[in-house]
Amino acid sequence: MASITLPEYQATALESIPKIASTARGQFRTHKTKNIEWRKVQLRKLYWALEDYKPQLVAALASDLRKSKFESLFTEVDWVKKDCMFMLDHLDNFTKDQKLGAPDVPLTFSMMNFRVRKEPLGTVLVIGPYNYPVQLLLCPVVGAIAAGCTVVIKPSELTPACAMVVKEMIEKCLDPGSFSVVNGSIPETNALMNEKWDKVFFTGSAQVGTIIAKKAAETLTPVVLELGGKNPAFITKNCPNLALAARRLLWGKTHNNGQVCMSQNYVLIDKSLVDTFIEFLKLAYKDMFPRGAKASDDISRIVNKRHFLRIKKMLDDSKGKIVMGGEVDEDELYIEPTVVLVNDVKDSMMEEESFGPVFAIYPVNTLDEALNVANLVHRTPLSLYTFGSKAENERVINEMTSGGATINDSFFHGSVNTVPFGGVGDSGWGAYRGKASFDAFTHFRTIAETPSWAEKLIRVRYMPYDFSALNFLNRLTEKSPNFDRNGKVVKGLGYWIMLIFGLGGKSAKGAFLRWLVVVGAHFIYTNRLGR
Ligand SMILES: NC(=O)c1ccc[n+]([C@@H]2O[C@H](COP(=O)([O-])OP(=O)(O)OC[C@H]3O[C@@H](n4cnc5c(N)ncnc54)[C@H](O)[C@@H]3O)[C@@H](O)[C@H]2O)c1
Ligand SMILES: CC1=C(/C=C/C(C)=C/C=C/C(C)=C/C=C/C=C(C)/C=C/C=C(C)/C=C/C=C(\C)C=O)C(C)(C)CCC1
């Protein structure tokens, strides 16, 4: 295979940033993005750009993160291609005006032709993180293109090779000026944030997310924030398969070397299972890495020295006991998948987001205790995982919130590119993926159309006000409550009529079906008797 020369990293000139932003705004004002076919052409071009730039992207991912070709295709390049295909398949449907009828519009207003138009928000800024420098940067862009926005894209400077390949690919293959890439770090991002956007889509840390949200608030710019979290996993006494739980949780911390926003930070496990769980983790490790993780081509490296030292410090500061792994190699930016047994919520392994291949095991006596600890560590994490009985899993999901959750696995809820994904509270605002990506960049604009012939019917609104007209309207449109002042449902005449004539049910459709059955049964019965 011919070797690939990756472009050298170059930050975009600061003074060119206002022009890049105003060009993108100007392109939006031409209205060309409102044309659905134009959007489809851009999505098709992006699809083929990803295919054609695959070798460069794979090489860049290897250079920046030592990401394996397998993960580079599965979770980065092909992932975004799948997103393009999904949008192309559904765009006609997503963009169609949605006619509003019952129950949103009462019958009395049906002549106003209420509908919701899906309008592009305008010109948007997408800021990406380092861990999936292709997927997490370009999937929001797919949503923005589909919605009809023009976009300026800011890749992470921590993955410089990817940033440069993405810049070349986007600016060569998509509509010039409508889609641009600005490379750089804090000064360039600040310069971008000094511009006016119709939305900012940010993926990264809560710390930088706060800076972005504050700055955006100055101009009332809406933001989507996709942030991190200290994600718990719960393993109860009734865990259906402890060996499988160990294997699946280890997957969550070895995929991309644990640099996954949704991977578990710690495992709250019933005390009686701790030793067996550790044994199962070791078996799973051996199975995945027969020659040790360091010798495997499958596992990525930590992105840079700063993050390597951050994760190492978490391990060094911990008062817990390393029960698996523990090897680190600064020259190679290698940290072995490592598990630390801790007994203090204030331990560094519990207090910080690991965003790497290390996690804590925290033994508990009861599920009550586990839920207390998890709510104490982080009340609104990005994800949670639960391995218990059906009732226990339901309880965990009910009693603790999170952006998303998976029962009996690590981050499967985030492993399918078409289902909505996002945080809650301080782990994120807003969601994307699948239709949610289109929605994230769309203004849902309600439109009404009042026919001239209806003027007499709707004149009640005009001065001089006339109470008799208002009372007449209310008599026609107002529904009287079926509940009293204590919030209790009152079983009035209407209720009993519906119960008797609805044959015990409450919906008209159900009643109709039940009557059909009764009439049918009667028909069969009388016919048989007749014979
Ligand atoms: N929810 C998600 O989908 C998701 C996905 C990936 C990562 N994350 C989170 O992101 C974090 C790791 O990613 P990261 O290190 O790339 O995040 P980061 O916040 O350091 O960087 C994200 C982006 O912000 C820019 N940036 C950095 N400092 C800035 C500043 N002071 N002012 C303005 N812009 C600045 C960077 O150039 C980069 O493009 C983790 O907390 C992880 O959980 C969340
Ligand atoms: C059931 C049958 C089949 C189908 C099998 C299928 C569909 C298998 C699917 C396996 C999957 C989806 C495995 C999981 C992969 C995990 C991935 C892709 C991880 C992704 C990571 C991501 C997106 C990370 C994101 C990070 C974020 C957001 C933050 O940092 C057949 C068809 C095989 C046969 C019949 C039966």
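The secondary structure of this predicted protein model comprises 18 helices and 20 strands, assigned as DSSP runs (H or I of at least four residues for helices, E of at least two for strands) and numbered from the N terminus. Along the principal axes, the C-alpha atoms occupy a box of roughly 85 × 65 × 55 Å. Of the 531 residues, 49% are buried, that is, under 20% relative accessible area with a 1.4 Å probe, protein chains only. The protein exposes about 26400 Å², of which carbon and sulfur atoms supply 58%; accessible areas follow the Shrake-Rupley method with a 1.4 Å probe. Among contacts (heavy atoms within 4.5 Å) with a separation of 6 or more, 71% join residues 24 or more positions apart.

Two packed helices are described by the angle between their axes and the distance between the axes. Helix H3 (residues 54-65) and helix H4 (residues 69-95) pack at about 130°, their axes lying 10 Å apart; the axes are lines fitted to C-alpha atoms over the stretch in contact, and angles run from 0 to 180 degrees between N-to-C directions. H3 and H4 are therefore oblique to each other, the class left after angles under 35 degrees (roughly parallel), over 145 (roughly antiparallel) and 65 to 115 (roughly perpendicular). From H3, the contact draws on Lys54, Leu57, Val58 and Leu61, and from H4 on Lys69, Ser72, Leu73, Glu76, Val77, Asp78 and Lys81.

Residues are numbered from 1 along each chain as its sequence is written, and chains are lettered from A and ligands numbered from 1 in the order in which they are written. Local features need pLDDT of at least 70 and side-chain atom pairs count only at pLDDT 80 or more, while totals for chains, interfaces and linings use all residues; side-chain values use heavy atoms, leaving out hydrogens and water.

Methods:
Buried < 20%, exposed > 50% of the residue type's maximum accessible area, 1.4 Å probe, protein only.
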